[in-house]
Amino acid sequence: MSPQFEIQLVAVIVAVACSLPGVFLVLRKMSMMSDSITHTILLGIVLAFFLTHDLSSPLLIVGAALTGLATVWLTETMNRTKLLSEDAAIGIVFPLLFSIAIILITKYAGSVHLDTDSVLLGELAFVPFNRMVLFGYDIGAKAIYSTMALLIINLAFIITFFKELKLVTFDPVLAAVVGISPSLIHYSLMMLVSVTTVGAFEAVGSVLVVAFMIGPPVTAYLLTDNLKHMLVLSGIIGAVNGILGFYLAVLFDVSISGSMAVITGLVFLTVFITAPHRGLISSLRRRSRQKIDFSKKTLLFHLYNHEGSEAEIQEAGVHTLADHLHWDMGLTDKIVKALLKEGNIIIENDVIKMTDKGRILSVAEYEALFSD
Amino acid sequence: MEALIYLFKDYTFQTVALGSAILGLISGVLGSFAVLRKQSLLGDGVSHAALPGVVMAFILTGSKDTEILLLGALISGLIATYFIINIVKHTRIKFDSALALVMSVFFGLGLVLLTYVQKIPNSNQAGLKRFIFGQASTLLQRDVYFMVICGVILLVFILLFWKEFKLYIFDDEYAKSLGFPAHRLNLLLSFMIVMAIITGLQTVGVILMSAMLIAPAVAARQWTNRFWVMVVLSALFGAISGIFGTAASSLMAKLPTGPAIVVFISGIVIFSVLFAPGRGILQKVIHRKNLKLFLRDQGGDGNVPTV
């Protein structure tokens with residue numbers, strides 16, 4: 001395997017492995033918890049390192065995963081006192097744990113290769129240097145195997161507990177009633193997030209793990225309403241981001257994980273603008289259509305109200321209408337023209353009158369809105 | 001004790017402590033608004049998002065003046081805020097997801113630009129990274145002047161729009177119905193919060209800045225139900241932690257200033273949550289115990305669950 005291929009492979013595996021638990025984080029409105037965990041695992045790694053004095057010890061992963069859980073527990077305990085809101089609890093717990101980690105590192109670990117840069121920023125380009133050797137044979141970069149294990153764990157967990165995860169995510173009360181413990185599933189999921197973060201940060205750095213966890217699911221969220229589709233789409237988007245990011249990095253000779261995050265942002269931006277039904281364009285079009293629709297109805301009701309009254313000349317006059325409805329001239333013109341074209345109104349001596357068709361429509365719309 | 005007196009006479013210490021105190025004060029005041037609006041984490045997002053602005057400012061101007069770099073940070077922080085507000089406004093994506101996405105993507109862009117800068121020949125990019133972790137010890141007197149000016153501007157705005165902001169954060173619907181331009185107030189307030197964050201980047205760095213914004217306000221909230229008392233207390237807590245954090249890091253070898261300040265302010269939060277009169281956990285526990293005793297006196301079995 002060439003180094004380039006190995007890097008791409010790891011990028012794709014990490015991106016897919018991160019996006020799977022990310023789907024549930026996004027749906028459970030816990031995206032910022034991933035940000036919190038990615039910072040606090042540093043403390044777990046540092047503490048485990050003090051115990052083992054070995055940077056490759058599996059205890060480091062255990063320590064990191066445990067701090068991940070501790071972070072979630074601390075945040076929720078603070079939140080449960082009702083003395084501070086959840087976002088404030090997150091914003092207090094993780095900087096504190098992170099600060100303690102940095103203090104410990106600068107104070108005691110000056111002589112080891114454990115620096116905050118490598119944890120926070122990571123570098124995918126170094127992946128091929130770390131080889132996996134089995135019975136004297138070089139069988140590829142170590143990261144391929146570690147991230148692959150991560151992906152398999154995530155897939156296995158989500159496939160096995162799909163039903164439970166789905167129920168707890170969308171209706172925790174029902175889940176509790178039918179005997180599925182929401183908090184057990186919740187903490188298992190958080191465990192998964194912690195382990196994924198630990199497994200991924202070596203390759204991509206902990207801040208960017210957030211981009212891979214949240215980016216693809218949020219993008220997929222704009223494209224589908226189906227949980228299974230969302231999971232599959234997130235995986236695909238994550239993989240595409242990984243490969244495109246790699247080529248962008250090669251093109252400009254810059255940080256690989258950084259460009260993967262940039263691509264994640266660009267892909268999201270594209271989907272955000274163009275997504276059918278939920279994108280920016282369709283949202284703006286829907287809003288303007290609704291505004292015109294609403295304005296038409298308002299004008300019809302207004303005319304119906306004042307039809308035949310003394311004030312009709314004022315209220316429905318072509319030149320005075322805008323003032324009475326508090327509309328600007330442009331909107332008034334547009335609505336009047338549209339209604340004229342549809343044959344719902346006619347203009348007689350500068351006064352707007354309803355046609356029979358308009359009167360019937362006005363009554364029907366009124367009934368539709370206000371009768372039970 | 002002598003070491004302490006000696007320390008407070010030290011010129012470098014005075015500069016750094018003053019800078020940290022002003023930072024604590026500014027972020028304490030603005031943080032009260034952010035926390036009450038339940039947008040505490042905006043600080044976290046914006047400070048991460050400031051990184052590409054810092055590096056971009058360096059690429060474009062080649063200067064390492066704090067003011068220029070912070071201007072870049074301000075612009076990219078504002079762009080990020082604009083993105084977040086619009087994603088939430090136009091889609092069903094929630095605030096926290098939008099925040100997490102935008103901040104991590106911006107941070108990634110910052111790293112890309114940083115690695116790009118490192119490849120430019122003859123460019124001395126050292127010192128840009130201090131914005132990631134913060135280095136209070138590099139604060140110069142002019143940096144402190146800069147912070148003072150920013151702080152005064154922010155405080156003047158707060159005083160000018162005090163009643164509007166207060167109304168807006170507690171009841172924005174009512175503010176709208178009274179005819180206040182709620183959207184513009186929101187933008188102004190976000191702008192001011194971003195500015196407060198930017199002034200702190202140099203001292204505590206992008207990652208710990210969120211604590212500076214949230215912690216003083218949360219601590220102050222426990223002691224009072226009056227808004228102006230909360231703001232004053234919050235500013236006080238922020239300033240005190242700034243000074244004490246700096247002092248601790250000067251007295252002890254190899255203790256970084258930013259994390260020391262954060263640990264200090266977190267300590268104040270924990271103390272406040274436990275012991276504040278009225279709201280604190282200790283008072284609740286005592287209250288419950290008394291209630292239990294009272295119920296037993298009244299002939300109950302003493303095991304009545306109380307809320």
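**Entry 1: chain B overall**

I began with burial in chain B of this predicted model: of its 307 residues, 51% count as buried. Next I looked up the secondary structure and found 13 helices and zero strands. Read along the sequence, the pattern of chain B is α-α-α-α-α-α-α-α-α-α-α-α-α. I then checked the extent of the C-alpha trace of chain B, which spans about 85 × 60 × 35 Å along its principal axes. For the contacts in chain B with a separation of 6 or more, I noted that 72% are between residues 24 or more positions apart.

Is Ile193(B) buried or exposed? I placed Ile193(B) in helix H10 of chain B. Ile193(B) has 24 other C-beta atoms within 10 Å, and 20 or more is the cut-off, so I put it down as buried. I also listed its contacts, leaving aside neighbours within four places in sequence: Ile193(B) touches Leu30(B), Phe33(B), Ala34(B), Leu42(B) and Gly43(B). For a distance check I took Leu282(B), which is 89 residues from Ile193(B) in sequence and 33 Å away in space, C-alpha to C-alpha.

Then I went to Glu2(B), which sits in helix H1 (residues 2-9) of chain B. I counted 6 other C-beta atoms within 10 Å of Glu2(B); the cut-off for exposed is 12 or fewer, so Glu2(B) is exposed. From Glu2(B) to Arg279(B) I noted 277 residues in sequence and 39 Å in space, C-alpha to C-alpha.

**Entry 2: where the chains meet**

How many residues does each chain bring to the contact? I have 47 residues from chain B and 51 residues from chain A. On the side of chain B that touches chain A, the elements giving two or more residues are helices H3 (42-61), H4 (66-90), H5 (95-119), H10 (182-223) and H12 (257-275) of chain B. H5(B) gives the most to that side, with 15 residues. Sorted by class, I wrote down 28 nonpolar, eleven polar and eight charged residues for the side of chain B that touches chain A.

**Entry 3: chain A overall**

I moved on to chain A and found 17 helices and four strands. Why do I call chain A more spread out than a compact globule? Its radius of gyration is 29 Å, well over the 21 Å that the globule rule gives for 372 residues, so that description holds. Along its principal axes the C-alpha trace of chain A spans about 95 × 50 × 40 Å. I also looked at the division of chain A into domain 1 (3-278) and domain 2 (284-370). The centres of these two domains, taken over C-alpha atoms, are separated by 55 Å.

Burial came next: 44% of the 372 residues in chain A are buried. Among contacts in chain A with a separation of 6 or more, residues 24 or more positions apart account for 66%.

Chain A averages a pLDDT of 84, and 94% of its residues score at least 70. Among the elements of chain A, helix H5 (residues 116-121) has the lowest mean pLDDT, 58, while helix H11 (residues 227-252) has the highest, 92. A reminder to myself: where pLDDT is low, the predicted coordinates should not be read in detail.

**Entry 4: helix H3 of chain A**

I tested the length of helix H3 (residues 58-80) of chain A. With 23 residues at 1.5 Å a residue it should span 33 Å, and its end C-alpha atoms are 33 Å apart, so the two agree. I looked up the buried residues of H3(A), among them Leu60(A), Gly63(A), Val72(A), Leu74(A) and Met78(A). Their cover includes helix H2 (31-52), helix H4 (86-108) and helix H9 (182-204) of chain A. After H3(A) comes Lys82(A), with a positive phi near 60°.

**Entry 5: positive phi in two loops of chain A**

Where is Asp253(A)? I found Asp253(A) in the loop between H11 and helix H12 (256-274) of chain A. Asp253(A) is not a glycine, yet its phi is positive, near 55°. Asp253(A) has 10 other C-beta atoms within 10 Å and is exposed.

His277(A) belongs to the loop between H12 and helix H13 (280-306) of chain A. Its phi is also positive, about 70°, although His277(A) is not a glycine. I counted 10 C-beta neighbours inside 10 Å, so His277(A) goes down as exposed.

Methods
Residues numbered from 1 in each chain as written. Chains lettered and ligands numbered in written order. Predicted model: local features only at pLDDT ≥ 70, side-chain atom pairs only at ≥ 80, totals over all residues. Domains from an automatic or database assignment. Contact = placed C-beta atoms within 7 Å. Nonpolar A, V, L, I, M, F, W, Y, C, P; charged D, E, K, R; others polar. Expected span 1.5 Å × (residues − 1). pLDDT = per-residue confidence, 0-100. Rg over C-alpha atoms; globule rule 2.2 N^0.38 Å.
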